[in-house]
Amino acid sequence: MSDFQIISTGNPGLDVVLRGGLPSSRLYLLEGAPGSGKTTLALQFLREGVRNGERVLYITLSETREELRVVAWSHGWDLEGFDVFELESTENIFGDGREQSIIHPWEMELGETIRLIQDEVERVKPRRIVFDSLSEMRLLAQDPLRYRRQVLALKQFFSGRDMTVILVDDMTGAGDARDAHLHSLCHGVITLERLTLEFGAARRRMQVQKLRGIDFIAGFHDLNIRKGGVDIFPRLIAADHHAEFSDEPVKSGVVELDNLLGGGPLRGSSILITGPAGSGKTTIALQYLYASCEQGEACTIFEFDERIGTLFFRARAFGLEIDRHVEKGCLDIQQIDPAEISPGEFAARVRQEVEQRGVRLIVIDSLNGYLAAMPQEQQLLLQMHELLSYLSQKGVVTFLINPQQGLVGSMSTSLNISYIADAVVLLRFFEAGGRIRKAISVIKNRSGMHEDAIREFRIDKEGVRVGEPLTAFRGVLTGTPEYLGNSAPLMEDRANGA
């Protein structure tokens, strides 16, 4: 049985990664380059202590209280309830103002600095301490061995006291390699990283390097700094989110379309709709989404490529009044900027829709936009695989729109995700009777039987139509289909002129 208490870090996402929080009365290292979010995360840790009525102490060797106040103000916070001990260059320790605890770090020995810190800790007797930063100690020590001895002395000083301490290290002056000796001294190590991409906002992520006695969620977790603190998005593990659901088929309202998929896609399945631009991929997904909304089910569209206004206009042109369901709150459409969102944050948005709104059907339009959110394709496939597994565990039907490059001829895609999806719907253009027409077929369906026929597919202002099977085709799968049969099975305009 554990002999320590678990305390919250003040950050909900980090608490999830840590399976509840940090063991109290231990020494932890929070490391990362400047701008990675260390100070904000440290302030959240202390604010949680203030909320719990605990005495907290922020020890700063480089920043003034006013600079800390500015950081807190940028998040809508204040330093009310904080004890701040600053070692700055505005006053000399060796004068009448010694009790003001403001000193010249470069005019004294490191040992004297440590002694003053210990005296302040003894005076305040805090439950939570942030020491910012070890880089200043490293500069004062000038010798790696002396620096490590002083850190060890700090650890021994805090040992036995009911104090949870976070040492902050911006890793300046530490060289290229992390200090393995420093890692071994601490009970846990949390690393923050800031990644600069060729385009778009900087990406940030974190990982727990070690934490003794806690089965934390390993690996990298995306994070974002916003007004109000640091948002950490724990890495999605689908196996932790199983829910019971019935696997009945989902109907589109177009019988011929459902028959292509053996009666309709099953709950918990993912359907990849692929084809050239303008072939009707989004419209097929909207047909299923509209039918679900008509049944009162919550649905969500994550729109990477198209503007929401354009989506509304297109849906109305095909007789799908999705704006009515948006007004009722049944349908949520989220415009996603791939240059500003990380895959971890996107997965968190999906989870929020499923777990808070009870969403039963999701459309991701398109995978090309999602690909732009992560430069490394292999990581993207792993992320998407885990996300689809999670949605499957929750019984959510997922439509993935995958545009192909080119309109006719041999077409390719920048992301081969067909092996992950449960069903694949293929759309193609073909020419017959002097007109450009569209063909639809299902080439895969893990959930059950599916038609192997090729049917004509048309969209007009009364919605989607699927025609009779066309047998006199050649070259459909090559991307250059040719129709060699008679015109009898081909669809023409509706009788009302639609």
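**Aromatic pairs and the open sheet**

F157 is buried, and F158 is buried too. The model is predicted.

Q: How do the rings of F157 and F158 pair: stacked or edge-to-face?
A: The ring centres of F157 and F158 lie 5.3 Å apart. Planes over 60 degrees apart count as edge-to-face. The planes of F157 and F158 stand at 65°, so the pair is edge-to-face.

Q: Which residue has its charged end over the ring of F157?
A: The distance from that charged end to the ring centre of F157 is 4.0 Å. The residue is R161.

Q: Which parts does the pair of F302 and F346 tie together?
A: The two ring centres are 5.0 Å apart with planes at 75°, so F302 and F346 are edge-to-face. They are 44 residues apart in sequence. F302 lies in one part and F346 in the other, so the pair ties together strand β13 and helix α12.

Q: Is F346 buried or exposed?
A: Buried means under 20% relative accessible area. F346 has 1%, so F346 is buried.

Q: Which strands stand at the edges of the open sheet?
A: Nine strands form the sheet, in the order β5-β4-β6-β7-β3-β8-β9-β10-β11. An edge strand here has a single partner, so one side is left without a neighbour in the sheet. The edge strands are β5 and β11.

How values were computed:
Residues numbered from 1 in each chain as written. Predicted model: local features only at pLDDT ≥ 70, side-chain atom pairs only at ≥ 80, totals over all residues. Heavy atoms only, no water. Pairing = 2+ DSSP bridges. Helix = DSSP H or I, 4+ residues; strand = E, 2+ residues; numbered from the N terminus. Phe/Tyr/Trp six-rings, centres within 6.5 Å; stacked < 30°, edge-to-face > 60°. Buried < 20%, exposed > 50% of the residue type's maximum accessible area, 1.4 Å probe, protein only. Lys NZ or Arg CZ within 6 Å of the ring centre and 35° of its normal.
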